[in-house]
Amino acid sequence: VRFSNGRLQRPDSLRFTAFRDRDRAHPRKKHRRILVSETERLSYVGDNFSGGVMKCNSLCRYFVGVLNKDSGQMEVYDAEMFNMQPLLSGRRVLCSVTAAEFIPSAWRKGIPCPLLPRPCVMWKTGKRKQGDTGECGCGVCLSLSAERVQFWLVSLTQMDLCIEAFGTSKQKRALSARRMNTVANDVLTTAVTKAAANVIDTKGVTALIQDVAQEDVQNISVLLPPCNEDADKPQDVYKFEDILSPAEYEALRVPAMVFVNITPEEIAKRTEDKSHCSFVLEELKDLPAQEKSRDHKARCLWFLDTLVKFSYMKVIKKKNPMGPECPHIISKKLMKDFTSLTYNNGSVQNLVSASMKAKIAAYILALALHISDFQTDLTVLQNDLKLHESRMMDIAKAMRLKVSKAKGLPGHENDQNHKLGTLSLPLPVQKAAVSQRKRKKM
């Protein structure tokens, strides 16, 4: 177990009680457990099915070893981590205690509870009298047998009054500790409102908006390639080595030979079959004749096309999702850098989430800038990646590109919808968004 509000000083002084769900046939409920513990000051409760369950249970397996001192052998059992939280007011609690343990001596002597509207329950011998069917007016429903009483606490507020009047010293200490850990909602709301007003008066609304915009930029910058703002040349802003390491670049030599030796007839056939993305097919038509430059561009195009195909995937179930022709070091890079781990159906899976797809788009854009002399058609890449235009524009602006209309470009003379992204120095200053996007009319 782990306690949410501190560390246990004497583990041997605590006793725990475990409860499990009665429904043993239900596939989910049969694994539900509740762990209860009580100290001199507070009571603690932990479970493995509510919202506060620890995430480590879904990603790791825990075991407990029990050593037999006589045989010297150890038996290993499955275990779970429980996050024990203090039981504060406002929760429903079911307690089962004996009448002698809870009912005060004053009640057993025949003195009615001062909180009751009428003396419906009189205690003389610890047993309920014949014919008493009334309910406790303080919200405690009594269901009595000879020496047993169950209390369903509808509201702990009224129960606290009973503890103050008749509780034991241990119960009163627990009540005091619980109240010390409780913050009144109105006090908290007043404090937050006052603090917000002070911040607004001190910094101003404009400064706060700029802070929020800067925070958004920092959040998306985690998904971008490393940016060198002090670069003297455009190729040093997003260094090629940060996109492909020397070992990864060398591993692309063999698979990229397909593009190095490609003929115009094969390009036309691949265009008809749509076996590659539009950006790659257009760039294949303009491969350099010089051998070294042609090999370099072919490697970059092969990796870019692989990234585009990888972005279409959702859950990666294979160790080599891009096929046997993809080098092992490239497959390892894709799984490590462009997927997030998720737990589903008892196993850990690699997932290409929305944020990972944005990261893939950023690296594709950086690689496309190196391929096309730091000026590329954003709309073509957006269509290849199946992204919304706003998402692609956000990524381009976060990467400090100048976005303009692609008027006059070869093949797009009459197309006014294409956007062009240019990386030039000095880099444009990031500006905070002043207004929100217009809502669509219904």
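Student: Which residues make the nonpolar surface patch of about 420 Å²?

Tutor: Leu59, Leu341, Tyr343 and Val348 make that patch. Keep in mind that this is a predicted model.

Student: Ok, take Leu341. Is Leu341 buried or exposed?

Tutor: Leu341 is exposed, and its relative accessible area is 65%. It counts as exposed because the cut-off for that word is over 50%.

Student: And where is the place of Leu341?

Tutor: Leu341 is in strand β12, which covers residues 340-344.

Student: What's the order of the strands in the open sheet with β12?

Tutor: The sheet has three strands in the order β11-β13-β12, and the pairing is antiparallel.

Student: New topic: Ile243. Where does Ile243 lie, and is Ile243 buried or exposed?

Tutor: Ile243 lies in helix α8, residues 240-243. Ile243 is buried, with a relative accessible area of 1%.

Student: What does Ile243 touch, not counting residues up to four places away in sequence?

Tutor: Ile243 touches Glu248, Phe303, Lys333, Tyr363, Ala366, Leu367 and His370.

Student: How far apart are Ile243 and Ile364?

Tutor: In sequence, Ile243 and Ile364 are 121 residues apart. In space, the C-alpha to C-alpha distance between Ile243 and Ile364 is 9.1 Å.

Note on methods. Residues are numbered from 1 along each chain as its sequence is written. This is a predicted model: local features need pLDDT of at least 70, side-chain atom pairs count only at pLDDT 80 or more; totals for chains, interfaces and linings use all residues. Side-chain values use heavy atoms; hydrogens and water are left out. Patches are made of residues with over 30% relative accessible area and no salt bridge: like charges are joined within 9 Å, nonpolar side chains (Val, Leu, Ile, Met, Phe, Trp, Tyr) within 5 Å. Accessible areas come from the Shrake-Rupley method with a 1.4 Å probe; for residues, only the protein chains shown count as cover. A salt bridge is a side-chain nitrogen of Lys or Arg within 4 Å of a carboxyl oxygen of Asp or Glu. Helices (H or I, at least four residues) and strands (E, at least two) are DSSP runs, numbered from the N terminus. Buried means under 20% relative accessible area, exposed over 50%, partly exposed in between (1.4 Å probe, protein chains only). Contact means heavy atoms within 4.5 Å. Two strands pair if DSSP finds at least two bridges between them.
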